[in-house]
Amino acid sequence: MLLVVTYSRAARQTLRNVCRSHDETVVRRFGRAALFEGTEFGAFLALRLREKHGGDVQIERTTPLNEFETVPERVREAAAAYEAREHPSTPYAKFAAGTDHPGPERLRRREL
């Protein structure tokens, strides 16, 4: 997929128009950003936006996250346990302290 991010009012307007005209190529819209299918037509639309608006349009190639292949089990378990915590206002650092769950600093240092 291609992530297209716009940084000006004019670029956002053009993005809206492109998304309305070619909704079959748009995977998802996020206001000032959109995901296009990873096809040549998706690339054409993204590059057309950048040609028109220059640096006001950023294009990134993305891949969907398969959490079971990419994310370690300890991280998935920590996320599930944290969301099931007894007190919703408990910050993660306090929740993870004294448990087998990785602390926030460890999570920040490790790349996926």
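**Reading a sheet and its helices**

Q: Which residue of strand 3 stands opposite V4?
A: A34 does. Strands here are DSSP E runs of at least two residues, helices H or I runs of at least four, both numbered from the N terminus. This is a predicted model: local features need pLDDT of at least 70, side-chain atom pairs need 80 or more, and totals for chains, interfaces and linings use all residues. Numbering starts from 1 along each chain as its sequence is written, and side-chain values use heavy atoms, without hydrogens or water.

Q: How many bridges join strand 1 to strand 3?
A: Strands of a sheet pair through backbone hydrogen bonds, either parallel or antiparallel. Strand 1 (residues 2-6) and strand 3 (residues 33-36) run antiparallel and are joined by four bridges; pairing requires at least two by DSSP.

Q: In what order do the four strands form the sheet?
A: The order is 2-3-1-4, in an open sheet with antiparallel pairing. On average, neighbouring strands are turned by 20 degrees against each other, direction ignored.

Q: Which strands does helix 1 touch?
A: Helix 1 (residues 9-21) packs on the sheet and touches strand 1, strand 2, strand 3 and strand 4. Contact means heavy atoms within 4.5 Å. The direction of helix 1 makes about 35 degrees with that of strand 3 (axes fitted to C-alpha atoms, for helices over the stretch in contact; angles from 0 to 180 degrees between N-to-C directions). Helix 2 (residues 40-53) also packs on the sheet, touching strand 1, strand 3 and strand 4. Helix 2 makes about 155 degrees with strand 4.

Q: Which residues of helix 1 are buried?
A: A11, R12, T14, L15, V18 and C19 are buried, meaning under 20% relative accessible area; exposed is over 50%, partly exposed in between (1.4 Å probe, protein chains only). They cover an arc of only 165 degrees around the axis, so they lie on the same side of helix 1. The arc uses directions from the helix axis to the C-beta atoms. On the other side, R9, R20 and S21 are exposed. The cover over the buried residues includes helix 2 and strand 1.

Q: What does V4 contact beyond four places in sequence?
A: V4 is in contact with L15, R32, A33, A34, F36, A46, L49, V57 and Q58.

Q: Where is H22, and which residues does H22 touch?
A: H22 is in the loop between helix 1 and strand 2. Leaving out residues up to four places away in sequence, H22 touches F41, L45 and R48. The C-alpha atoms of H22 and L45 are separated by 8.9 Å, at 23 residues apart along the chain.
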